[in-house]
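Try each task before you read its solution.

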Amino acid sequence: MLLFLSKRLGLLLLTVLATSFIVFAVLELDVDTVAVKVLGGYSTQEQRALWLEENGYNRLFITRYAEWLSNFVQGDFGYSTRFKRPVGDFFWNYLGMTAILAGITMAIVVPLALTFGILSGMKETSLLDRVLSFICIISTSVPEFASVILFSFIFVFTLGILPGTSSMIQGFSWKELVLPVLVLVVYDFGYIARITRASMVEVMHTSYVRTAILKGMPFKRVVTVHALRNALIAPVTAIFLQFPWLLSGVVVVEIAFAYKGIGHLLLEGALYHDISLIEMCTVVAVIVVVLTQLIADIICMFLNPRIRFS
Amino acid sequence: MSAPTSSLTKLFRILKDIASSPFGFLGLFLTLFWIFVAIFAPLLAPFSPTELIQPLVKPLSYTKNGQLLILGSDHIGRDVLSRIIHGTRPVLFWSIFATFPAYFIGSSLGLAAGYYKKSTDTILSFIANLILSFPVLVLYLIIIVYLGPSGSNIVVAITFASSPAIFRIVRALTLDIAGRDFINAAQIRGESSLYILFIEILPNAKGPLIVDFCLRVGYTAITIGVLGFLGLGLPPPSPDWGSMINSGRPFALFMPHMVIFPCIAISSFVLGLNLLADEINHINSRI
């Protein structure tokens, strides 16, 4: 098990390293475009050459990558040309805001999706299953930007009970969190619920569950004691694999509601060609993704003894 | 019976199978409806999508010239219904067209990795996992910002971001199929690897792939919508749904029809594809 974990950790480091290399190569391999992005399109050839020379861009690409990487590891994430501040100064605040959004969303999505999935997978093709499955399909079909519009229309314009922006200008406000979280929950829960349902259906068809039912055990007990534990392995993986999905989803919601999180930074960085900011956002996003995958692996190991003892 | 007729009757039987369940019927209906609208867009739309009629007309009301605008008009006076109808073309075209190269690359490499195994598999899987560890939207943003927003660049971005997922599915299916007896028989017969990959293995993997294709076209439509919503979609004159929502958003407070109808359009299209995929999946698992 230790061997498995250290192997996974090694692969994880390799992935982060390789992705950081790709991002760096895409953004900084061609030094002329870097100069244009930093100095603007109206700079002269001379100014660009001077700037490149001054900032060490005329060195070998691989040397520059090594320097960037060592700076990055030591906590120097470069200078944001958009915000005119070092990236490290403001990035963590934004990341924290996104963590709050994603955390609350997951805290609602997971119990909701599991309940939906278990209830509908428990009795396949029953009326309850049909209705719940249909709700889940609708949830996965409505794009976030559409639910942003629909929910704003209902709660902000028609009922007027929620604020239409979540910029939190006057300090942190729970009320401003409701709409972004609602949109993300609707966007996310259908998929997990469907995986839970599929897994539950499969477990309900196994012979040990049938035996339990046939020997006259109450149905509730069959589900909660016998079926549930095995049915949860697939959804647990799915829940953790949802994080990259959630991170993508967060971008749209943050833009739509002017929420100050990393999705906001990422789009801002992309639109204004802010190289250091894009690099930071991408590397952090990749680290979040691979870490959640590692956690998923570890949890699966505990749920499934066949993996634990092999 | 000749081959084309038998495949046609087969198709009809499958369609009948799908339509026999209410959700499958709804899925088939919505999908075919939008395909129909896309094909006959110029005949169905009452106005040109770029014609300036009269700004900010509410749905179901008349312009000064007495023209009925069923879904109203937008902030510069274009008919919303005509724009939605014409918008089916770029949305459907690019979402289907962008899914194909992703399938071509993803399934070729998936077949290779699953069939040859060993170092081919290790290297290809590592690359696929590498790409998959980027959140997709981050990938799209970097590619689109780097290459600039246009239809063909959306195809590049989607190919790049979706082929690893397709690769994984095809690889897993190939690993399963490659161990069966008929593949062994083909190898002993001395068939070439290409023949085995594309004639023996791929057709046997088509069930799950068709389901995934339907889902993926839907997600691609959403992606194009998201890019349009973020202002990175197809260039302005083209009336794609995401860009319509993006440009109508500032007016959503007092003119909600400008954004609500495109939202309903894209949701119903994706819903149709999802229901269809679900039903095909049911039928596959019954066989």
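**Exercise 1. Work out what share of the residues of chain B count as buried.**

Start with the cut-offs: buried means under 20% relative accessible area, exposed over 50%, and partly exposed in between, with a 1.4 Å probe and protein chains only. Then apply them to the 287 residues of chain B, and 52% count as buried. A word on the source: this is a predicted model, where local features need pLDDT of at least 70, side-chain atom pairs count only at pLDDT 80 or more, and totals for chains, interfaces and linings use all residues. Residues are numbered from 1 along each chain as its sequence is written, chains are lettered from A and ligands numbered from 1 in the order in which they are written, and side-chain values use heavy atoms, leaving out hydrogens and water.

**Exercise 2. List the elements of chain B in order.**

Helices are DSSP runs of H or I with at least four residues, and strands are runs of E with at least two, numbered from the N terminus. Counting gives 12 helices and two strands in chain B. Reading from the N terminus, the order is α-α-α-β-β-α-α-α-α-α-α-α-α-α.

**Exercise 3. Describe the surroundings of Thr105(A).**

First locate the residue: Thr105(A) sits in helix α5 of chain A, residues 87–122. Finally, look for contacts (heavy atoms within 4.5 Å). Leaving aside residues up to four places away in sequence, Thr105(A) touches Val181(A), Leu184(A), Val185(A) and Leu246(A).
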